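Hi,

Here's the structure I said I'd pass on. Have a look at it first, and then read on for what turned up.

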Amino acid sequence: MPGIIRKKCQLKSSDRPYLALGLEGSANKLGAGIIRHEPDGTATVLSNVRHTYITPPGEGFQPRDTALHHREWALKVINDSLEKAGVSMHDLDCICYTKGPGMGAPLQSVALVARTISLLYDKPLVGVNHCVGHIEMGREITGAKNPIVLYVSGGNTQVIAYSRQCYRIFGETLDIAVGNCLDRFARVINLSNDPSPGYNIEQEAKRGKRLVPLPYATKGMDVSLSGILSSVEALTYDKRYRPDGKPRGPDDTDTITPADLCFSLQETVFAMLVEITERAMAHVGSKEVLIVGGVGCNERLQEMMGIMAEERGGQVFATDERFCIDNGIMIAQAGLLAFRCGITTPFPKTTCTQRYRTDQVEVLWRS
């Protein structure tokens, strides 16, 4: 693109390691993690502590209650993180916190904790984009060089590629995120929220035997998931139809089980995600796919994406639940990369935003 001025990252040179504390609390998971960057640039995870706010089956988590959970657990989670890392607050170079996107009240609770620590120990603050945190942690753990990124979580669904010091969004959901879709259906069929509704959907889907026809809605590079959620919810309550969608006769005994619906929902939604990811790979010419976000832990999604990538002569990169699910260490990693480029967040600017776009971040640490 002509006329673009590319900034250069001036990494601070040092003969000692850099240390950062990362605080994450954009949804129902409160995380604190400490990462160390060696003088040669390699990163070491020193601690990654997390506590999840879990609601009863059939219930979601409300912003006010989630924020209260974060305030109650913040001190213990941070202290545990420091103890496991074997460092003190005085050793840290910066405090990194999630600026957004996410739920307003939980974000503000964690930002308040970060500001308090900053004032008490005179440490600079770095506000981090939640999605960029997922991407940078995924790149660090898997070793993916320049992949197409599929970011799938409770609040976000995006296909992303890096270009000219920015993560460009190639496609995204037009309504609800894939994690939200799965979580809401888990509540409909009264699955437990422990450890997470999406995980329990995955386990239930493994017992499914029928593929029930559901709406398939890809629109160019974007997807729409509200229609498929409405359809699968209707099938849960409506006993007038057979698994093939035809009206049930008086002698029909065939029934659609919750496991069948979980299986069908996963297969259809994941096929949509694979399709738009493959389009992005073809456009960019990439042979790598990196799956990040909480839904990225799903083994069936990884399997389906792996089949597509193998047919294209490519490779899929993914992490386990330690780094896929929201955590503090991913915020520490992205924040420390920014800090080493001289980026900090002035105290008056340490606000949060529920709609902090992935492509609003200047990724100065990548060439």
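For the charge count, Lys and Arg are taken as positive and Asp and Glu as negative, with His and the chain ends left out. On that basis the protein carries 41 positive and 41 negative side chains, and the centres of the two sets sit 5 Å apart. One caveat before you go further: this is a predicted model.

Now the overall picture. The protein has 10 helices and 12 strands. Its C-alpha trace spans about 75 × 50 × 30 Å along the principal axes. The radius of gyration is 21 Å, which agrees with the value near 21 Å that a compact globule of 367 residues would have. Buried residues account for 51% of the 367. The accessible surface is about 16,500 Å², and 50% of that belongs to carbon and sulfur atoms. If you take the contacts between residues at least 6 apart in sequence, 76% of them join residues at least 24 apart.

Next, the annotated sites. An unreviewed UniProt entry gives a "binding site" annotation to His-130, His-134, Tyr-151 and Asp-326. These are spread over 197 residues of sequence, yet they cluster in space, with a largest C-alpha distance of 12.1 Å.

You'll find it in helix α3, residues 130-142.

Asp-183 is in helix α4 (residues 178-188), while Gly-198 is in helix α5 (residues 197-205). Not counting residues up to four places away in sequence, Asp-183 touches Pro-197 and Gly-198.

How much of α5 is buried? Seven of its nine residues are, so α5 is largely enclosed by the rest of the structure. The buried ones are Pro-197, Gly-198, Asn-200, Ile-201, Glu-202, Glu-204 and Ala-205. They pack against α4, α7 (258-284) and α8 (299-311).

Cheers

Methods. Residues numbered from 1 in each chain as written. Predicted model: local features only at pLDDT ≥ 70, side-chain atom pairs only at ≥ 80, totals over all residues. Heavy atoms only, no water. Helix = DSSP H or I, 4+ residues; strand = E, 2+ residues; numbered from the N terminus. Rg over C-alpha atoms; globule rule 2.2 N^0.38 Å. Buried < 20%, exposed > 50% of the residue type's maximum accessible area, 1.4 Å probe, protein only. Contact = heavy atoms within 4.5 Å. Areas by Shrake-Rupley, 256 points an atom, 1.4 Å probe, with all protein chains shown as cover. Charge placed at Lys NZ, Arg CZ, Asp CG, Glu CD. UniProt positions renumbered as here; feature names shortened; annotations may be inferred.
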